[in-house]
Amino acid sequence: MSSRSRPLVHPFDVEVPQLREEAAVNNGDPHEDTVIMKDVQGMPGTPVGLALRLLQFAFAAVSVAVMAATSDFPSVTAFRYLVAALSLQCLWSLSLAIVDVYALLVKRCLRNSRVLGFFTIGDGITSTLTFAAACASAGITVLISSDFNNCAENHCTRFETSTAMAFVSWFLVFPSFFFNFWSLASR
């Protein structure tokens, strides 16, 4: 009897799992036990994810532009906060749209845990700031238009338009956050 221990599994006895497409070509059976997680549309690096980022950027930029076009927005703190939060949203969405374009051009997968964690935290922060700013601006807009009946002196239509665009931008950030969080949690 030998005093040396023997491994239970020899390295040459282990089979390397094949991808589903490769298994279908090699064995002819596409329904083997191998599982490939496909990119869900809306996740980073997909065409729908890119579209979401571009729409987030567009609506946030329109909101900032409409609010900045009024002469009296700096006099209200909530409106300044809206411009600051949506400027951050513009930068975030544009940056991630550029990353999505790169990933699509080089056919790169963006399902790395660190990358997804970064995207999820960033989307969570920017969506919270955007939602808070939109709610604060909506409250001030209602106060000016309904409670004070002071729309003749103020730009109520512009304030309402900017606030509505901010809510749409927030609504478009939520799917990005959800898909990033979902893919991060399902790892």
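Predicted model: local features only at pLDDT ≥ 70, side-chain atom pairs only at ≥ 80, totals over all residues.

Reader: At what angle do helix α2 and helix α5 pack, and how far apart are their axes?

Author: The angle between two helices is taken between their N-to-C directions. Here helix α2, residues 47-68, packs against helix α5, residues 156-185, at about 160°, and the axes are 8 Å apart. Because angles over 145 degrees count as roughly antiparallel, α2 is described as roughly antiparallel to α5.

Reader: Is Thr128 buried or exposed?

Author: A residue counts as exposed when its relative accessible area is over 50%. Thr128 has a relative accessibility of 52%, so it counts as exposed. This residue belongs to helix α4, which covers residues 113-147.

Reader: How far apart are Thr128 and Phe174, in sequence and in space?

Author: They are separated by 46 residues in sequence, and their C-alpha atoms are 9.7 Å apart in space.

Reader: Which residues does the UniProt annotation "transmembrane region" cover?

Author: The unreviewed UniProt entry gives residues 50-69, 81-105, 117-144 and 164-185 under that annotation. Residues 81-105 are 100% helix and 0% strand, with end C-alpha atoms 36 Å apart. Residues 117-144 are likewise 100% helix and 0% strand, and their end C-alpha atoms lie 40 Å apart.

Note on methods. Residues numbered from 1 in each chain as written. Heavy atoms only, no water. Axes fitted to C-alpha atoms, helices over the stretch in contact; angles between N-to-C directions. Helix = DSSP H or I, 4+ residues; strand = E, 2+ residues; numbered from the N terminus. Parallel < 35°, antiparallel > 145°, perpendicular 65-115°, else oblique. Buried < 20%, exposed > 50% of the residue type's maximum accessible area, 1.4 Å probe, protein only. UniProt positions renumbered as here; feature names shortened; annotations may be inferred.
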